[in-house]
Amino acid sequence: MNPYYDEAIGDARKDFLRTDSPKTLFIGNGILAAVYFLVLAFVFPVGNPVLFFLLVVGEIFHMWQVFTFLYTVWDTGYQSPAYRGYAPEVDVFITIAGEPVELVRKTVAAARVMRYPNFTVHILNDGFVAGKENWREVEALAKQLGVNCITRTVAGGAKAGNINNALRFSKSPLIACFDADHVPHSDFLLKTVPYFGDPKMGFVQTPQFYKNLGENYLTRSSWEQQELFFGPICKGKNRLNAVTMCGTNMVIRRSALEEVGGMCTESIAEDFITGLLMHGRGYRSEYVPEVLAEGLATEDMLSYSKQQFRWARGALDVIFRWNPLFMSGLTTAQKIQYLSSASFYLSGAIVLLDALLPVTFFYTGLVPVHISGMLLAAVFLPYLFWTLYVIQRSSNFTFTFSSLGFSMGSFNIHLRALASAATFRKSAFGITAKRRVDGNFLPLVSWHIAYIALVVVGIPVAIVREGISASLLNNGAWAVMNSAVFIPIIRAAWPTRIAGTESEQVPAKQKSHEIVDRD
Amino acid sequence: MKSSIAIKTNAQAAPWRVAFERSPGLVLAVIAIVPILAARYFIGESLRLDEAQSLWQVSRDIRGVLVIVAGDVHVPLYHLLLHGWLSLFGNSLTAARILSLLFFLLSIPFVYLLGKRAYSSTTGLLAAAFFAFSPFMNWYASEVRMYTLFAFLTIVNQYFFLRILEEARPRLGTWAGYALSAVLGVFSHYFFFLNLLAQGAFFLLRRKAFPPRTALRFSLVASFIAIAFAPWAWYVRLRGVAGFQEPILLPPSTVDLFNAFSQFLFGFQTDVINTVFLSLWPLAVVLGIVALRHYRRFLPQTEFLIAAVLIPFGVAFIGSRFITPIFVSRYLVFTLPAFYLLLLRLLSLYPRRFQIFAQVSLAALMLLAIGIQVTNARIPVKEQYASAVSYVTAHATAQDIVLVSAPFTIYPVQYYYRGPAPVRTLPAWNQYEFGPIPAFSPDALSAEVTGLTQDYQNVYLLLSYDQGYEEVIKRYFDSNYERLSAQNFSGSLNLYVYRLRYNTNASVISTPL
């Protein structure tokens, strides 16, 4: 029985891949977006010039997001030819750094029984260099299951270093990579390797499905965030030969990897940068839109925050250190795609900016534009709802309020990652926890709570200054909207403890500092 | 899939909901108490301009009704029904208003059926309740105009349209119901064609969702409508008089656009309250994004209802901006049931507790808005002609004259006024003569006023519907005559009394030597 199937809602493992590309809707979306921007930028009298400038910058960023999204999902049906019968030798790497042995056992056991004629399973054991106590148990597990175990003794490069180290102890032309918790389906290699019949195929990526999506609110919301990316976005990137390398559930051509110097160890998002470098060398990429491995989502807010920081920091490195605009070998489409993916994490600054506009009004009375009448509503509401519908249609109605709330609510993490990337500070690679960590994570959403407090205090301040005016009501409504968007992430951080479940306790002090990058 | 969801809903349903599904008629009857109670108050309100026009138009034989309605901007079904109704139940304002109330009450069960057909019986019930609690509908339920008839026929027509969409093989009765309601609909209001336009657009976009051979049958119905309507269109064209009494409308602003939706929800409120509602528009964004839930696809019914609201609004608004102003919220009353259903559909996507909170809050706000409409004398649609004319009756003598402007506002004045002073319009217009209302000429104003007032002592100037020249008239009188008093009776209904002269020929003659 399929546990992810519900008669009313369908199959969670498949539905996010049933994407749609309604071109008329896309064109309409583009027109409405442009009309909205032009009206906002040119029709209304300017208020405070600084706020107006910031507002326009924010809206230019939104236009960039809308148009690159439309460009990406314009056609999500492309698939490269697969070469049936092409079955060279494959090394299967399972990267471990102290994860529970029972969890590793499931992954290794599943990898061993994949239906494929010629492959070798390696456990890439980083437990020793990571100072984890169970590294010997992992070696014993490998022996018990009859797979090879490569235990590093010299640290460096985190997961990327672990893979690069294993390259020296293996020889197959193709390498399949799985994180410790990502259990491959038996047909994983059968469905991914044939694309390497094309000698320029550099890597093949499959979705990163969370089998624990029903575990709690956070896992469900995390998965809902992933659905948009692994659904229409990745399928669209496939058409443009700009698939994002995600580090797990993928197969890489060894020669291509070696040509770019192995997995990139200079960024905590080693996979993303490595994929970029391979594209720069003219290698192709393929996205197989089928769940062929099943992993675990982070189950607690601390782990989620660390994961988001890692992704954001790594992606922003693309802008600050490996900017595709100045990289030779990439096509224009690839440059746009990498910039589009990386710039998503700039949205933290825009979310904060938009959220602060009504608060600025409450405390100072300053506004970016003087709006009278309902013209803004007349252009904004159709644009917004059309855009949401386009996202829903293109993602087979998998985009949710929670995923929107988590994306926007991660603004503080994105801002921290932005500061870190812009100043070229080194960040440590944190392994995502595979067990839920209990505790009070409200410090992680202190910005959001502070914002709501600013709104609650600011409204009476504005009432005292100018009475209950139309501007006050309008700004108050915007502030309520911003606050509402933060509710999902505050809810996820709310102190909870589920009796009888396996979890770790983390000292409160560690929680608030753990996601700060280390020098 | 739909049935499986319905079974789930029933299994989890509250006892009152189960009771409703067993006897919906009883619950709908309870809901209808609200409009009946509201009508007790609204029916006692002063006659309004449009109502006076309706009563004047139907106060002749059937041929006369047709002739006069052809010169108006409307179609004759309501007027003929009103003519017959008043013949049966007496020529009173109350009787005339009850006809509108009946169409409103009749619409409530059909809103339920429409909602049930579109989504579920629960949605149908909620939609019926919202419809019954609607301050906008309750207002027009006691107005001697065609709007509740128009809404009723649209609801029936949309119900049959959805049946055609959903039935694997629509029965003859379904098609007959659709065709009949469509034909009657086009005779209830010209804007009914916008309902048909929305249906046509939806059909073209989602043709595959319909049963086979639907296109052919729709073509037959369209032909039937065309044949039925052609004589009226030919007659109006032949006379070339449509719009003779049409008030001048201004092109709508975006405020008017959103105000219409605000009125649909909260009725007619004062400017201050309207400003509050409209300023809070970003909350619509919250309402929208909170409804983003997993796998909640747009059903074809939802797409149809969106088309049924947005296409008429879009056409009316854009047409008014670029061709001729026709955007009036009451003309769009037929989109209100679809708007409510969409709103309820949206709320149904919320987490359960939030959903109930939102539904109850909205219903409570609507009831509160009815209360404000009942009790607040300053709401803009209340036209206190009765009070104004009562004042004139009490004060004007045979040596005085009553001037009303715009000319068509003479109808409610004539309805109430039984005093000795003559009633004339400015610009001068004889409503019994064939032809349009004369245009206002500032240059001719002096001569016209002199001509009208030369035999009288005081003038009672009633200004109540600005057609672009009200201020000119007022300034003229202020500049040339002594103003004795000024009173506002409601909204824009102002009465000014000016002294023309200290004695008149009439008074001289009647004064004993």
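1. Basis. The model is predicted, so local features need pLDDT of at least 70 and side-chain atom pairs count only at pLDDT 80 or more, while totals for chains, interfaces and linings use all residues. Residues are numbered from 1 along each chain as its sequence is written, chains are lettered from A and ligands numbered from 1 in the order in which they are written, and side-chain values use heavy atoms, with hydrogens and water left out.

2. Domains of chain B. Domain 1 of chain B comprises 24-240 + 251-375, and domain 2 comprises 385-510; these bounds come from an automatic or database domain assignment. The C-alpha centres of the two domains are 37 Å apart.

3. Extent of the domain interface. Contact (heavy atoms within 4.5 Å) joins 11 residues of domain 1 of chain B to 12 residues of domain 2 of chain B. The buried area, meaning the accessible area (1.4 Å probe) that two parts lose on being put together, summed over both, is about 1,000 Å² here, with 68% given by carbon and sulfur atoms. On the domain 1 side, Leu47(B), Leu49(B) and Trp56(B) lose the most area to domain 2, together 55% of what that side buries.

4. Polar features and make-up of the domain interface. Between the two domains of chain B there are 0 salt bridges (a side-chain nitrogen of Lys or Arg within 4 Å of a carboxyl oxygen of Asp or Glu). Residue pairs in polar contact, both at pLDDT 80 or more, number 3; a polar contact is a pair of N or O atoms within 3.5 Å, where within protein one must be able to donate a hydrogen and the other to accept it, and residues adjacent in sequence count only if both atoms are side-chain atoms. Helix H5 (residues 49-57) of chain B gives the most to the domain 1 side, with 5 residues; helices are DSSP runs (H or I, at least four residues), numbered from the N terminus.

5. Extent of the chain interface. In chain B, 29 residues are in contact with 39 residues of chain A. The area buried between the chains is about 3,000 Å², and carbon and sulfur atoms give 75% of that area. Trp281(B), Leu292(B) and Tyr295(B) supply 26% of the area that chain B buries against chain A, more than any other three residues.

6. Polar features and helices of the chain interface. The rule finds 0 salt bridges between chain B and chain A, and 6 residue pairs are in polar contact (both at pLDDT 80 or more). Helices H1 (2-12), H15 (254-266), H16 (271-279) and H17 (282-290) of chain B each supply at least two residues of the side that touches chain A. H17(B) provides the largest share, 8 residues.
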